[in-house]
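Hi,

Here is the structure I promised to pass on. Have a look at it first, and then read my notes below.

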Amino acid sequence: MEDQLWADVDGYVNTLLIREDETLLDAIRASAQAGLPPIHVSPAQGKFLHLIARLQGAREVLEIGTLGGYSTIWLARALPPGGRLVTLEADPRHAEVARKNLERAQVSSSVDLRVGLAEDLLRALAAERRPPFDLVFIDADKAGIPEYFTWSLRMSRRGAAIIVDNVVRKGSVLDAASTDPGVLGVRRFNELLATERRVSATTVQTVGAKGYDGFTLAVVVGE
Ligand SMILES: C[S@@+](CC[C@H](N)C(=O)[O-])C[C@H]1O[C@@H](n2cnc3c(N)ncnc32)[C@H](O)[C@@H]1O
């Protein structure tokens, strides 16, 4: 009942404020047709990421967890000319769908889609001589969040924003006895954050078409 209400309010907001264009809708359709799980961000969340990227004036963006490229398109559309987005995806099938969606959205030239395990790709990325990131969106397996966050922090400039999705998990983040790898990953991440002096962070709970969850926003305040 509540879930339906949350979805209806999301629908209302989408109609008035988000108005996804055909390219974004095509990306969702093509992902569904290819059998990808419907675990992309909602339209309101996609637009939120887009607006944060614009607020940041982000030129260098890192995304961990591409799926079919839906959030990637929202983020890439916020880039200024010459801006770059690196997105990491473990599943070659997901990456193939994403590549086509990014081409259709005409953002391929600014997106560097890398296929492999994030833990390996992040190590390789850190060894490259490249500008630091202005914005990072972490949205892959939740067990890996602490490691992905540590690499992201290492590669981000002071003032950068790091957003981590799905950190409330219907409230199961409170369960200290949980054996769920996702919950364990989020709890380890929170413990890391609590003692990490280089960032200032908050977590916001969310409801909507995707149910009850939340995200963490961490801003790099020190080196
Ligand atoms: C929640 S989906 C990403 C959704 C996407 N950000 C969006 O909103 O459109 C998570 C993705 O992370 C990928 N993934 C899971 N574990 C990974 C890992 N260790 N390294 C890289 N990608 C991983 C999955 O294959 C899946 O495509």
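Let's start with a pair of helices: α7 and α8 are oblique to each other, because oblique covers the angles left over once those under 35 degrees (roughly parallel), over 145 (roughly antiparallel) and 65 to 115 (roughly perpendicular) are taken out. Their axes cross at roughly 40° and come within 8 Å, with α7 spanning residues 145–154 and α8 residues 181–195. Helices here are DSSP runs (H or I, at least four residues), numbered from the N terminus. Axes are lines fitted to C-alpha atoms, for helices over the stretch in contact, and angles run from 0 to 180 degrees between N-to-C directions.

Before going on, a word on the source: this is a predicted model, where local features need pLDDT of at least 70 and side-chain atom pairs count only at pLDDT 80 or more, while totals for chains, interfaces and linings use all residues. Residues are numbered from 1 along each chain as its sequence is written, and side-chain values use heavy atoms, with hydrogens and water left out.

Back to the helices. On the α7 side, Ile 145, Pro 146, Phe 149 and Thr 150 meet a set of α8 residues that includes Val 186, Phe 189 and Leu 192 (contact means heavy atoms within 4.5 Å). By class, that contact has seven nonpolar, two polar and one charged residues. For the classes, Ala, Val, Leu, Ile, Met, Phe, Trp, Tyr, Cys and Pro count as nonpolar, Asp, Glu, Lys and Arg as charged, and the others, Gly among them, as polar.

Another pair is α1 (residues 2–18) and α3 (residues 43–56), whose axes come within 9 Å and cross at roughly 45°, so α1 and α3 are oblique to each other. Here Asp 10, Asn 14, Leu 17 and Ile 18 in α1 meet Pro 43, Ala 44 and Lys 47 in α3.

Helix α1 also holds Trp 6. The C-alpha atom of Trp 6 is 4.4 Å from that of Gly 208, though the two are 202 residues apart along the chain. Neighbours within four places in sequence aside, Trp 6 touches Val 207, Gly 208, Ala 209, Gly 211 and Tyr 212.

Finally, the ligand. An oxygen atom of the ligand sits 2.6 Å from a side-chain N or O atom of Glu 89, and a ligand nitrogen atom is 3.1 Å from a backbone N or O atom of Ala 90. In the side chain of Asp 141, an N or O atom is 3.2 Å from a nitrogen atom of the ligand.

Cheers

Terms used: A polar contact is a pair of N or O atoms within 3.5 Å; within protein, one must be able to donate a hydrogen and the other to accept it, and residues adjacent in sequence count only if both atoms are side-chain atoms. Helices (H or I, at least four residues) and strands (E, at least two) are DSSP runs, numbered from the N terminus.
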